[in-house]
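Here's a quick briefing for anyone opening this structure for the first time. Have a look around, then read on.

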Amino acid sequence: MKRPLLERIFDIRRKTVCDVCMNEIPEPDGFLLTTRQVVSAPAYWDYVLSHQLSYIEDLPNSDSARGVLIEKQANQSNPWIVCGKCAQMLGVDLRETGEYAKQWWKSGKRFAPPGSGPVPLSAVRAYRVSEQIDFSGTPRPSQVHVYGRGFFPSDEQVRQAIDIGLVEPHREILTHDLFCGIPIQVDLKPADTREIFIGSIERVKNQHPKDFVLDSMWSEPETLNDMVVLAIWEGAAAEVAKQLFAKHP
Ligand SMILES: [Zn+2]
């Protein structure tokens with residue numbers, strides 16, 4: 001006989017599953033990881049973006065959807081319980097994280113390992129750094145914002161704004177690859193005139209007094225649609241970027 005629905009739902013809720021692959025983890029198994037350990041592993045993003053979250057690639061605004069998702073994962077305050085296969089894939093210390101998992105079970109899932117909590121976007125490494133990027137010595141920006149004056153830029157317009165507006169004028173320092181996989185925030189700024197539009201961008205820049213912000217305005221040739229791209233480097237990367245851009249103005 002089939003069990004009543006509520007009972008079955010309750011049963012599912014009681015089970016603990018791997019926060020990466022969703023396979024069941026029985027007590028006292030598993031490995032307990034911090035948000036930093038998970039989101040800084042390109043293998044994690046390779047996995048989720050080709051499994052549970054593969055639908056994102058088909059969305060009309062996949063670049064910005066990916067950005068929202070990356071931000072959400074980096075903001076996770078709770079530790080992550082993962083299975084043995086996923087812990088190995090993420091390359092963490094199995095002995096230490098396995099020990100943390102045992103404490104977590106014992107504490108009624110309340111224990112949090114050292115270093116737990118949300119991390120800044122600069123801690124995210126969604127894509128493997130290619131040799132070309134290592135060689136160029138340019139750090140990746142941690143955030144990219146693209147604003148349209150009175151319209152919401154499409155993925156194609158975002159790509160052009162980055163390539164033509166940012167990469168081409170700074171060929172010695174920037175490559176297209178540097179911007180792959182970075183959270184991109186796409187937004188519309190309602191503005192009747194260019195002056196108002198530029199004013200609203202200045203306000204965004206003022207929110208990053210300690211960061212290095214590179215901005216560029218780009219207008220689409222056919223439609224004359226105005227867009228602004230902001231690339232933001234934070235922390236140590238901001239210092240390196242500042243020096244690079246001072247050398248190649
Ligand atoms: Zn797993």
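Predicted model: local features only at pLDDT ≥ 70, side-chain atom pairs only at ≥ 80, totals over all residues.

**The big picture**
- The protein chain has 10 helices and 6 strands; these are DSSP runs numbered from the N terminus, with helices being H or I of at least four residues and strands being E of at least two.
- Of the 249 residues in the protein chain, 33% are buried.
- Take the contacts in the protein chain between residues at least 6 apart in sequence: 78% of them join residues at least 24 apart. A contact here means two C-beta atoms, placed from the backbone, within 7 Å.

**How confident is the model?**
- The average pLDDT of the protein chain is 86, and 90% of the residues score at least 70; pLDDT is the predictor's confidence in each residue, from 0 to 100.
- Over residues 130-135 the pLDDT stays under 50, and the model has 6 contacts beyond four places in sequence for them.

**The sheet and its helices**
- An open sheet is formed by 4 strands in the order S4-S3-S6-S5, with mixed pairing; strands pair if DSSP finds at least two bridges between them.
- Strand S4 (184-189) and strand S5 (212-219) sit at the edges, each pairing on one side only.
- From one strand to the next, the twist averages 20 degrees. Axes are lines fitted to C-alpha atoms, for helices over the stretch in contact, and angles run from 0 to 180 degrees between N-to-C directions.
- Strand S3 (residues 143-149) runs parallel to S4, joined by 6 bridges, and Val-144 stands opposite Ile-184 in S4.
- S5 and S6 are antiparallel, paired over 8 bridges; Phe-212 has Trp-233 in S6 as its bridge partner.
- The hairpin of S5 and S6 has 6 residues between the strands, and Leu-224 in this hairpin takes a positive phi near 60 degrees.
- Helix H8 (residues 155-167) lies across S3, S4, S5 and strand S6 (226-233), at about 70 degrees to S6.
- Helix H10 (residues 235-247) also packs on the sheet, touching S5 and S6, with its direction at about 60 degrees to that of S5.

**Back to H4**
- Helix H4 (residues 62-74) has 13 residues and reaches 18 Å from its first C-alpha to its last, close to the 18 Å expected at 1.5 Å a residue. The expected span is 1.5 Å times one less than the number of residues.

**Loop details worth a look**
- Most residues other than glycine have a negative phi, and most peptide bonds are trans.
- Glu-27 and Pro-28 are joined by a cis peptide bond, with omega about 0 degrees; Pro-28 lies in the loop between helix H1 (5-14) and strand S1 (31-33).
- Met-22, found in the loop between H1 and S1, isn't a glycine but has a positive phi of about 70 degrees. Met-22 counts as exposed because it has 12 C-beta neighbours inside 10 Å.

Conventions: Residues numbered from 1 in each chain as written. Buried ≥ 20, exposed ≤ 12 C-beta atoms within 10 Å, placed from the backbone.
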